[in-house]
Amino acid sequence: MGMKYRRYLAGERIYGCSKCKTHLATIHSMISRAFNGQHGRAYLFEGVVNVVEGEPNDRQMTTGNHTVRDIYCVKCATTLGWKYDRAYESSQRYKEGKYILERNLLVDVQ
């Protein structure tokens, strides 16, 4: 396995892992702040960097059944949220391929 290289983001607001401050996403890739995670408020992002995706599994959520993958920080392996692989309700399909990052597991980094 070799050394993992991390991407560094530029922009006016960058979200990072609360444990190790590894860059994850920018404000410009945020789609919505109106989500809830296991630890409180959560944000929906178009794309994130420096994460490792877990195995897919089906979960019953407040908006219906979804196939999701937990996502982990590439540096410290902290669980940060999940990626939507599939939404079974047609009204929720806009989430497919998008990422949830939990607010309590993020910090603003510059």
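**Exercise 1.** How many bridges join strand 1 to strand 2, and do the two run parallel or antiparallel?

*Solution.* This is a predicted model, in which local features need pLDDT of at least 70, side-chain atom pairs count only at pLDDT 80 or more, and totals for chains, interfaces and linings use all residues. Residues are numbered from 1 along each chain as its sequence is written, and side-chain values use heavy atoms, with hydrogens and water left out. Strands are DSSP runs of E with at least two residues, numbered from the N terminus, and two of them pair if DSSP finds at least two bridges between them. Strand 1 (residues 14-17) is joined to strand 2 by 3 bridges, and the two run antiparallel. Within this pairing, Y15 stands opposite A25 of strand 2. The open sheet consists of 3 strands in the order 2-1-10, with strand 2 (23-26) and strand 10 (106-109) as its edges.

**Exercise 2.** Classify R59 and D70 as buried or exposed, and describe the contact between their side chains.

*Solution.* A salt bridge requires a side-chain nitrogen of Lys or Arg within 4 Å of a carboxyl oxygen of Asp or Glu. R59 and D70 form one, at 2.5 Å from N to O, and this pair links strand 6 (residues 57-61) with strand 7 (residues 64-73), the two residues being 11 apart in the chain. Buried means under 20% relative accessible area, exposed over 50%, and partly exposed in between (1.4 Å probe, protein chains only). R59, at 18%, is therefore buried, and D70, also at 18%, counts as buried.

Conventions:
Helices (H or I, at least four residues) and strands (E, at least two) are DSSP runs, numbered from the N terminus.
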